Structures are given as C-alpha cells and as structure tokens.
Amino acid sequence: MMNLHNIVRPAITAINPDQQITIKVNKGNQHFAGGIVEPIFEEISTTAQVQPVPSSEIQFIDNYVSSNTYRNFYLNGEFSGLNRRKGTGGDIITWNGFDWYIDSEPEPWNTVGWTKVRGVQQL
C-alpha cells in the first residue's frame, strides 16, 4: 500500500509545523482500599498537526457544548488504541499546557501511519 501522506508530508509541515504532544493511553484502572480507583496511563511522546475543528464538523458533535474548546489532532504514528468503536477510550493528549480528552476518532488511518482524533480541552 502506498503511503500518500508521506509523499505530501514535507509540504504540510512547511506550512503548518508539527507540534510536540504526549498521548496518555488508558491501560485500565488500579483499585485501592476504600473504593478508590485511579486510571493507569502509558505515556507516548510524538508529534501531531493541530487544527481547529471546522464549523461544518462541529454541527455534528453529539452533546456539543458551545463553551468547550475542540481541536483536531492528526497524530503521527499508528495508535490503534484510540478507537471508540472497539470500546477503548479514556485517552488524553497533553498539548500546549492543557489536557485534551479524546472524544472521537473521525478518521482512523492508523494503517498508513497517522490517525485523526478530536480532543476536548480539559480545565
């Protein structure tokens, strides 16, 4: 399979440079006495293209909250764990001083080296 993304990548990064991010992939929960539960994360450093979510996409977000800030992250690498349909979730991106909860994977192109996810800024 030809990876067209790798062919156009130099042109993309010349206009919009990659941003350094950390993905916290949810690996389950750790249970403590007293019913306390804490998530376990595997942290992965990578780069991504970060873009605002266009209004044409925002209008289709389930449970959209107008006071939230949304961003699309085009992640470099194969992140098959970021898949809502498979029931995996709870993943978080750390970027620009904030955590962004991944609420959707609109374009799962992880078989060709990148994945698009949508994040909601956490305060």
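Of the 123 residues in the protein chain, 33% are buried, a label that means under 20% relative accessible area, with exposed set at over 50% and partly exposed in between (1.4 Å probe, protein chains only). This is a predicted model, where local features need pLDDT of at least 70 and side-chain atom pairs count only at pLDDT 80 or more, while totals for chains, interfaces and linings use all residues. Residues are numbered from 1 along each chain as its sequence is written, and side-chain values use heavy atoms, leaving out hydrogens and water.

The fold comes down to 2 helices and 6 strands, laid out along the sequence as α-β-β-α-β-β-β-β. Here helices (H or I, at least four residues) and strands (E, at least two) are DSSP runs, numbered from the N terminus. Among contacts with a separation of 6 or more, 50% come from residues 24 or more positions apart; a contact means heavy atoms within 4.5 Å.

Next, the strands near the end of that pattern. Strand 4 (residues 92-95) and strand 5 (residues 98-107) pair antiparallel over 4 bridges, pairing being called if DSSP finds at least two bridges between two strands. Trp95 sits opposite Phe98 in strand 5. The hairpin has 2 residues between its strands, and Asn96 takes a positive phi near 60° there. Strand 5 also runs antiparallel to strand 6 (residues 114-122), joined to it by 6 bridges, with Tyr101 opposite Val120 in strand 6.

Over in strand 1 (residues 19-32) lies Thr22, which counts as buried because its relative accessibility is 18%. Leaving aside residues up to four places away in sequence, Thr22 touches Glu43, Ile44, Ser45, Ile92, Ile93 and Thr94.

As for the aromatics, the whole structure holds 4 aromatic pairs. Rings of Phe, Tyr and Trp (its six-membered ring) pair if their centres lie within 6.5 Å; planes under 30 degrees apart count as stacked, over 60 as edge-to-face and the rest as tilted. Phe73 and Trp100 make an edge-to-face pair, 5.8 Å centre to centre with 65° between the planes. That pair links distant parts of the chain, Phe73 in strand 3 (residues 70-76) and Trp100 in strand 5, 27 residues apart. Phe73 is buried at 0% relative accessible area, and Trp100 is buried at 3%. Tyr74 and Trp114 form a tilted pair, because their ring centres are 5.9 Å apart and their planes lie at 40°. This one also links distant parts of the chain, with Tyr74 in strand 3 and Trp114 in strand 6, 40 residues apart. Tyr74 is partly exposed at 21% relative accessibility, whereas Trp114 is buried at 14%. Finally, ring pairs tie Phe73, Trp95 and Trp100 into a cluster.
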